[in-house]
Amino acid sequence: MRRFGKYRAVKSQCSSGHTHDSKREAIRCNELHDLQSAGAIGDLIVHPQYWFVINGRQLKHANGRRVGYKSDFEYTECGIKITEDVKGVIVRDWPLRRAVFIALFPNHTLRETK
C-alpha cells in the first residue's frame, strides 16, 4: 500500500539522487541541475537551512527548538541570490514565515514556483 504525505504528496528522487517531498519538487530539481550545467545559474544548493536570528538572538519556540526555514533550493542567477520554494499548497504558516525570511535575509530573492 502506498503511503501519502500530509497533502497527498509522494516522496520522490531526482536524477541527482536527492530525496524530495513531492514529484513536482524533484522535477524542478532536475530542471535546475540542467540550468546549472548550461551555465544559466550557479552555486545550486538543495534544501538549504536558514535560522531566524533577531538582534543577535536565536528565535526559539516555547519548547526550545530553533525557528528557521528550510527552502527547497538556493542558487545564483545573474549575480542575484535566489531562494526558491516549490509550492503545491500554501500552508497556514507560510505567509508569516515568508515575511520573516524577507525581513531577515534582504540579500536573497524569494521565489515561489508552482
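Predicted model: local features only at pLDDT ≥ 70, side-chain atom pairs only at ≥ 80, totals over all residues.

Me: Why is K87 called buried?
Reply: The relative accessibility of K87 is 12%. Buried means under 20%, so K87 counts as buried.

Me: Where is K87, and what does K87 touch?
Reply: K87 sits in the loop between strand 9 and helix 2. Leaving out residues up to four places away in sequence, K87 touches R24, W94, E112, T113 and K114. Take R24 from that list. K87 and R24 are 63 residues apart in sequence and 8.7 Å apart in space, C-alpha to C-alpha.

Me: Why does T113 count as buried?
Reply: T113 has 16% relative accessibility. The cut-off is under 20%, so T113 counts as buried. T113 is placed in strand 10. Neighbours within four places aside, T113 is in contact with R28, E84, D85, V86 and K87.

Me: What makes D85 and K87 a salt bridge?
Reply: Their side chains meet at 3.7 Å, N to O. A salt bridge needs a side-chain nitrogen of Lys or Arg within 4 Å of a carboxyl oxygen of Asp or Glu. The pair therefore meets the rule. D85 is buried, and so is K87.

Me: How many salt bridges does a search of the whole structure find?
Reply: The search finds eight salt bridges. One of them joins E84 and R28, with the closest N and O atoms 2.5 Å apart. E84 lies in strand 9 and R28 in helix 1, so this pair ties together parts that are 56 residues apart in sequence. Both E84 and R28 are buried. A network of salt bridges links R28, E31 and E84.

Me: Why are D93 and R97 called partly exposed?
Reply: D93 has a relative accessible area of 38%. R97 has 22%. Buried means under 20% and exposed means over 50%, so a value in between is partly exposed. The side chains of D93 and R97 also meet in a salt bridge, at 3.1 Å from N to O.

Me: How do you know that C14 is in no disulfide?
Reply: The nearest cysteine sulfur to C14 is that of C29, 3.6 Å away. A disulfide needs two cysteine sulfur atoms within 2.5 Å, so C14 is in no disulfide. C78 is in no disulfide either; its nearest cysteine sulfur, again that of C29, is 20 Å away. By this rule the count comes to zero disulfides.

Me: Are C14 and C78 buried or exposed?
Reply: C14 has a relative accessible area of 6%, so C14 is buried. C78 has 75%. Exposed means over 50%, so C78 is exposed.

Me: Which residues make up the largest nonpolar core?
Reply: This core has 11 residues: C14, A26, C29, L32, I41, L44, V46, F73, Y75, I82 and V86. Helix 1 gives the most, with three residues. A second, separate core has eight residues, including Y50, F52, Y69 and W94.

Me: Why are strand 3 and strand 10 called edges?
Reply: Four strands form an open sheet in the order 3-8-9-10, with mixed pairing. Strand 3 and strand 10 each have a single partner strand, so one side of each is left without a neighbour in the sheet. Neighbouring strands are turned by 25° against each other on average, direction ignored.

Me: What makes strand 3 and strand 8 a pair?
Reply: Three bridges join them, and the two strands run antiparallel. Pairing needs at least two bridges, so strand 3 and strand 8 qualify. In strand 8, the bridge partner of I45 is E74.

Me: How do strand 8 and strand 9 pair?
Reply: They pair in the antiparallel sense over five bridges. In strand 9, the bridge partner of F73 is E84. Strand 8 and strand 9 form a hairpin with two residues between them. C78, in the turn, has a positive phi of about 55°.

Me: Where does helix 2 lie?
Reply: Helix 2 lies across strand 9 and strand 10, running at about 155° to strand 10.

Key. Residues numbered from 1 in each chain as written. Heavy atoms only, no water. Core = buried A, V, L, I, M, F, W, Y, C linked by side-chain atoms within 4.5 Å. Buried < 20%, exposed > 50% of the residue type's maximum accessible area, 1.4 Å probe, protein only. Axes fitted to C-alpha atoms, helices over the stretch in contact; angles between N-to-C directions. Contact = heavy atoms within 4.5 Å.
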